[in-house]
Amino acid sequence: MALRTLITRNPLRAAAPLASRGLQTFSLPDLPYDYGELEPAISAEIMQLHHQKHHQAYITNYNKALEQLDAAAAKGDASTVVKLQSAIKFNGGGHVNHSIFWKNLAPVRVGGGEPPHGSFGWAIDSNFGSFEALIQKMNAEGAALQGSGWVWLGLDKEFKRLVVETTGNQDPLVTKGASLVPLLGIDVWEHAYYLQYKNVRPDYLKNIWKVINWKYASDVFDKENAN
Amino acid sequence: MAAAAAFATPLKCTFSTSHNVSGSTRGLHWRKNERSVKRAYRGVITAKIDHKPPPYALEALEPHMSLETFEYHWGKHHRAYVDNLNKQIVGTELDTKSLDEIILATYNKGDLLPPFNNAAQVWNHEFFWESMKPGGGGQPSGELAELIKRDFGSFEAFVSEFKAAAATQFGSGWAWLVYKANRLDVGNAVNPLPSEEDKKLVVVKSPNAINPLVYDYSPLLTIDVWEHAYYLDYQNRRPEYISTFMEKLVSWDAVSLRLEAAKARAAEREREEERERDEYEGNSQTEPQPVEMYLSDTEDSEAD
């Protein structure tokens, strides 16, 4: 039974404001399931390292970069502000992406792996031909990605269509288009699968669908369409 | 890193007489010549790239880099790059070239061609295995130690910078110690004031498959910081992996040999440039003509 932190702050909004300035910093979000509950698709060992070490490191470094950015901006130190951009993109992106990722996964017992229905299911069929075709496309793009990155199913709000995209490193989906909303992201950094699947990324991709939380993606899709 | 000759296999590509690497990038043909030549051409080396093993047993770097890591890193990752590269280049112009030439040709000035990834990663991994040895670590000696001191201030300062580069290469990539013999980047120009000071040791980091050959540097040492290089042994603890690499694995002997070779290459290039300069000056019969400017006498060239 994996240990979970009992902190319940909403991770993507303010956590502890810096006393002097009210700068909003961030904290590690809870997982809505135990580390072992996604087995055998993703091992407990990976889930724990991924959450407690990798995601936590992005948050720690993001907070640090934000504090430095805040100080530099207040002083009008333009070159420091510019210098910090890559640290903010890496670590802030890492925090954004992983926060979405944990919600994209769910144990089988609460519906992980169950294909989408309703308007979202229909949108998938009309955009990709079939649910299977979407899976195949995401697997192909995810496997072909060189180095580290993510493969996404996104909603293009402007053109009202679903798209499959990849981003490198920790670039969030929005770096591929301002109107793109992430519905589903699959982490294909080696840390996401190596201890279990080693070099065989395609096997990781094949298996992760068993614990994908289509309900979350469907909810985001419906909400965006309602706007 | 030159590929082995393979005379027995029928030659499937046309023999290219162009040896100028930069020239060939412009007209890189992707023909697959299906007609197989029954007799082997003498003197043609098919660049069937080898899956070269490390110069030590796979378990020799335990416990700092485990056998299991080598079984996957060398046995699967490196092997896949070799196999995929060979599949990509068979029957093409690249099949006759050495690995270094393939890398430069497919780097294509940054507009990467498909085989680049595989070619560069094959080269990088060979270079990486050879950068380590059982009982490695310690300090460099001789000229290498002197140059490190000259260009970094001290060995400790170099180690610090190298470790920082390796730790801050975000995502997948490599950190390098390179020898930089400062040449001008323009094809037909020469450095007007070459000096020993232009040549120095530098630490660089590179993403994914990129390596310093494409910047025209001479690599001397590398560490692989793709997660697959350390995840089985160190998980997320990349800084620990890097420290262990420096303290227990680096083969300073290999680095010294590479430095010698790099300096020799740089000296040879200078001699070549010297020769070309002398030839040009010897051959030119007339002074270069001043450029004639045609200005209309009714128009002001600066008119808005």
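**Before you start**

Residues are numbered from 1 along each chain as its sequence is written, and chains are lettered from A in the order in which they are written. Because the model is predicted, local features need pLDDT of at least 70 and side-chain atom pairs count only at pLDDT 80 or more, while totals for chains, interfaces and linings use all residues; side-chain values use heavy atoms, with hydrogens and water left out.

**Stop 1: where the chains touch**

The size of an interface is often given as the accessible area lost when the parts come together. Here the area buried between chain A and chain B is about 1,700 Å², with carbon and sulfur atoms giving 61% of it; this is accessible area for a 1.4 Å probe, summed over both parts.

How many residue pairs are in polar contact between chain A and chain B? The count is 7, with both residues at pLDDT 80 or more. A polar contact is a pair of N or O atoms within 3.5 Å; within protein, one must be able to donate a hydrogen and the other to accept it, and residues adjacent in sequence count only if both atoms are side-chain atoms.

Helices here are DSSP runs of H or I with at least four residues, and strands are runs of E with at least two, numbered from the N terminus.

**Stop 2**

Next, show Asn61(A), Asn91(A), Ala167(B), Thr168(B) and Phe170(B), the closest to the centre of the second largest pocket among its 28 lining residues. Its volume is about 850 Å³, the space filled by probe spheres set on grid points joined across faces, edges and corners. A pocket is an open set of points on a 1 Å grid over the protein atoms alone, where a 1.4 Å probe fits, with protein on both sides within 12 Å along at least five of seven lines; lining residues have an atom within 4 Å of a point. H1(A) gives the most to this lining, with 8 residues.

**Stop 2: a salt bridge**

Select Glu37(A) and Arg109(A), whose side chains meet in a salt bridge at 2.6 Å, N to O. The rule asks for a side-chain nitrogen of Lys or Arg within 4 Å of a carboxyl oxygen of Asp or Glu. This pair links distant parts of the chain, 72 residues apart.

**Stop 3: backbone details**

Zoom in on Glu39(A) and Pro40(A), joined by a cis peptide bond with omega about 0°. Pro40(A) lies in the segment before H1 of chain A. In chain B, a cis peptide bond joins Glu62(B) and Pro63(B), with omega about -5°.

Finish at Asn169(A), in the loop between strand E2 (161-168) and strand E3 (180-187) of chain A. Its phi is near 50°, a positive value in a residue other than glycine.

Conventions. Buried area is the accessible area (1.4 Å probe) that two parts lose on being put together, summed over both.
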